[in-house]
Amino acid sequence: MAAFSTIGIVLMVCAGILFAYQVMSACLGMGTSDDFVYENIRLEEVVSESTLNWVDSISSPSIQGFAETVISLPLVVLLLSGAILSFLIYMFKGHK
């Protein structure tokens with residue numbers, strides 16, 4: 001297996017594990033009520049706020065907006081996007 005396909009598989013497995021964790025957390029959070037509250041884990045929740053302050057110092061407004069969008073996406077979406085990107089790179093680059 002090439003490196004990019006391995007990276008894609010690892011990212012996809014991590015996304016599946018994280019999604020399963022979020023679903024189990026929502027099921028266990030139900031307790032005695034009937035409210036199923038699914039909460040996405042976001043990158044801004046995982047990384048400290050002092051680490052994310054560099055986004056405010058970006059000079060280009062379009063790049064700053066893109067960075068804020070990426071940071072606010074659910075972590076599962078970021079992992080799946082990384083897996084798809086890795087598979088696409090592997091598809092076009094191929095194995096040698």
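Helices here are DSSP runs of H or I with at least four residues, and strands are runs of E with at least two, numbered from the N terminus. By that rule, Ser 72 sits in helix 3, residues 61-72. Before going on, a word on the source. This is a predicted model, where local features need pLDDT of at least 70, side-chain atom pairs count only at pLDDT 80 or more, and totals for chains, interfaces and linings use all residues. Residues are numbered from 1 along each chain as its sequence is written, and side-chain values use heavy atoms, with hydrogens and water left out.

Back to Ser 72. Is Ser 72 buried or exposed, or partly exposed? Buried means under 20% relative accessible area, exposed means over 50%, and partly exposed is in between, with a 1.4 Å probe and protein chains only. Ser 72 has a relative accessible area of 31%, so Ser 72 is partly exposed. What does Ser 72 touch? Contact means heavy atoms within 4.5 Å. Leaving aside neighbours within four places in sequence, Ser 72 is in contact with Arg 42 and Glu 44. Then look at Glu 45. Glu 45 and Ser 72 are 27 residues apart in sequence, yet their C-alpha atoms are 8.9 Å apart in space.

Next, Ile 71, also in helix 3. Ile 71 is at 9% relative accessibility, so Ile 71 counts as buried. Setting aside neighbours within four places in sequence, its contacts are Leu 43, Glu 44, Leu 52, Trp 54 and Val 55. Take Leu 52. Leu 52 is 19 residues from Ile 71 along the chain, and 8.5 Å separates the C-alpha atoms.

Now the other end of the numbering. Ser 86 is in helix 4, residues 75-93. Ser 86 is buried, because its relative accessible area is 8%. Beyond neighbours within four places in sequence, Ser 86 is in contact with Phe 4, Ile 7, Gly 8 and Leu 11.

Phe 4 comes up again with Ile 89. Ile 89 is in helix 4 as well. Ile 89 touches Phe 4 and Gly 94, not counting residues up to four places away in sequence. At 32% relative accessibility, Ile 89 is partly exposed.

Ser 5 is buried, at 6% relative accessibility. Ser 5 touches Phe 87 and Tyr 90, with residues up to four places away in sequence not counted. A polar atom of the Ser 5 side chain lies 2.9 Å from the backbone oxygen of Ala 2.

Met 12 is another helix 1 residue. Met 12 is partly exposed, with a relative accessible area of 40%. Apart from residues up to four places away in sequence, Met 12 touches Leu 80, Ala 83 and Phe 87. How far is Met 12 from Thr 69 in space? The C-alpha atoms are 21 Å apart, and the two residues are 57 apart in sequence.

Now the aromatic rings. Rings of Phe, Tyr and Trp (its six-membered ring) pair if their centres lie within 6.5 Å; planes under 30 degrees apart count as stacked, over 60 as edge-to-face, and the rest as tilted. How many aromatic pairs does the structure hold? The structure holds 1 aromatic pair. The partners are Phe 19 and Tyr 38, with ring centres 5.9 Å apart and planes at 55°, so the pair is tilted. This pair links distant parts of the chain: Phe 19 is in helix 1 (residues 3-30), while Tyr 38 is in the loop between helix 1 and helix 2 (43-46), 19 residues apart. Phe 19 is partly exposed at 43% relative accessibility. Tyr 38 is partly exposed too, with 30%.

Last stop, Met 91. Met 91 is in helix 4. Met 91 has a relative accessible area of 53%, so Met 91 is exposed.

That's the tour. Over to you.

Key
Polar contact = N/O pair within 3.5 Å; in protein donor to acceptor, adjacent residues only side chain to side chain.
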